[in-house]
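Please open the model in a viewer and keep the selection panel at hand. The stops below proceed from local pairings to the whole chain.

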Amino acid sequence: MRRKTSLVLLALAVFFAALSPLLRWYAFPRLAKIPANQYQDMVLEAKDATLIDYNDGMKAKKVPKVTIVQTLKGNVEASEKIEKTAGKDVVVWDGLSYVVGPDGKMVSKIPERYIFDAHTQDPVHATGESVDGDPVKRVGIEFKWPFLTEKRDYQYFDAQARTSAPIHYKGTQNFRGVDVYYFEQTIPWTKVPFPKTMPVQGITPASLAKTGTTRWYTTVRKFWVEPLTGAPVYGEELHKEELRGGTLLGGRDKVTVFAGDVKMREDYIRHTVDLVKSNRTLVLLMTSYLPWGFLSLGLLLLALSLWLEARSRRPAVTKAEEPEPVTA
């Protein structure tokens, strides 16, 4: 009976020991993915910012606040269509960056379509990949880092410049109880396109091009990223835009369009941190808790199996026979 039990325990030990690396290195990369129907929004604010006033001689003025609303909506129909030819799980995010001035009026709005691998977050190039209606071919990441983010630099796509540039790992920090990796990217002054939708009726990118005036942009982009999920828990940008040259400025060399320190609003910071903490537990379950638990259980079962096998092989101890009495 002990030998049979020992063999059963040995089989279970092998099973759990084999399951440990399979769960970590085979199951996790296939199960961890961004859902195709995910929807998220984010509100950022630039307080005490500088903003151009198109109705007052195109002068740059100090304003109490500029608000940026960013939305990302999963397009399931588009992702399923692309998956048929891509041969992988694909996510399509239809994004919108909507900027509002202190009077509640639209300053600019720039739509995006971001197509990427649901597991690795690598861009997937397909019809529809665009920024503000212009076709683009992304290199690197945007919005989200990959699961199990590494302590290294990544290529990060800049939607304004329509190009990618390195975003540098700057160290590990603790942000509101969560250990995060801090990344920073600097985009130097770069000539960028005008938004297709302008805040003044009758002004279009084509009409602005005729004046010879150009739009320039620079930013210092900062992200605090939870490494297990690859999700930013906080973001900030030191953002500047200018109009330069041309007849539109009335002889001026340049005019500030927008300048400010753009930060996530407090309520969205709290919501994001809570959400990331919850998702972080799920990732830890797949990458650490269960694999190490199964391995420990396998070793325990192996030890118990060997102990029972040793007990079954031990010779039985019998009572010594007493000598018979000698009779005459």
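Two strands are said to pair if DSSP finds at least two bridges between them. Helices (H or I, at least four residues) and strands (E, at least two) are DSSP runs, numbered from the N terminus. The model is predicted: local features need pLDDT of at least 70, side-chain atom pairs count only at pLDDT 80 or more, and totals for chains, interfaces and linings use all residues. Residues are numbered from 1 along each chain as its sequence is written, and side-chain values use heavy atoms, with hydrogens and water left out.

Select residues 154-158, strand β7, and then residues 163-175, strand β8. The two strands run antiparallel and are joined by five bridges. Within this pairing, tyrosine 156 stands opposite alanine 165 in β8. How many residues lie between the strands of the hairpin? There are four, and in this hairpin arginine 162 takes a positive phi near 65°.

Colour β7 by relative accessible area, where buried means under 20%, exposed over 50%, and partly exposed in between (1.4 Å probe, protein chains only). Strand β7 is mostly covered, with four of its five residues buried. As a general point, side chains in a regular strand alternate between the two faces of the sheet.

Select aspartate 48, which lies in strand β1 (residues 39-53). Its phi is near 50°, a positive value in a residue other than glycine. Aspartate 48 counts as exposed because its relative accessible area is 59%.

Next, select glutamine 121, located in the loop between β4 (106-117) and β5 (130-131). Glutamine 121 is also a residue other than glycine with a positive phi, here near 70°. Is glutamine 121 buried or exposed? Glutamine 121 has a relative accessible area of 0% and therefore counts as buried.

**Third stop: salt bridges**

A salt bridge is a side-chain nitrogen of Lys or Arg within 4 Å of a carboxyl oxygen of Asp or Glu. The whole structure contains 21 of them.

Display arginine 138 and glutamate 142, whose closest N and O atoms are 2.8 Å apart in a salt bridge. Both arginine 138 and glutamate 142 are buried.

Move to arginine 152 and glutamate 150, whose side chains meet in a salt bridge at 3.0 Å, N to O. Arginine 152 counts as partly exposed because its relative accessibility is 39%; glutamate 150, at 44%, is likewise partly exposed.

Then select glutamate 242 and arginine 244, another salt bridge, with the closest N and O atoms 3.1 Å apart. Glutamate 242 is buried, with a relative accessible area of 9%, whereas arginine 244, at 23%, is partly exposed. Salt bridges that share partners also join Glu112, Glu129, Arg138 and Glu142 into one network; select these four together.

Select Leu7, Leu10, Val14, Leu299, Leu302 and Leu306, which form a nonpolar patch on the surface with about 540 Å² of accessible area together. Such patches are made of residues with over 30% relative accessible area and no salt bridge; like charges are joined within 9 Å, and nonpolar side chains (Val, Leu, Ile, Met, Phe, Trp, Tyr) within 5 Å. Accessible areas come from the Shrake-Rupley method with a 1.4 Å probe; for residues, only the protein chains shown count as cover. The elements that give two or more residues to the patch are α1 (2-31) and α4 (266-313). Leucine 7, in helix α1, is exposed at 52% relative accessibility.

Now select serine 305 in helix α4. Serine 305 counts as buried because its relative accessibility is 3%. Leaving aside residues up to four places away in sequence, serine 305 touches Ser6, Leu9 and Leu10, contact meaning heavy atoms within 4.5 Å. The C-alpha atoms of serine 305 and aspartate 56 are separated by 85 Å, the two residues being 249 apart along the chain.

**Final stop: the whole chain**

Zoom out to the protein, which has four helices and twelve strands. Along its principal axes, the C-alpha trace spans about 145 × 40 × 30 Å. Buried residues make up 43% of the 328 residues. The protein exposes about 18600 Å², of which carbon and sulfur atoms supply 58%.
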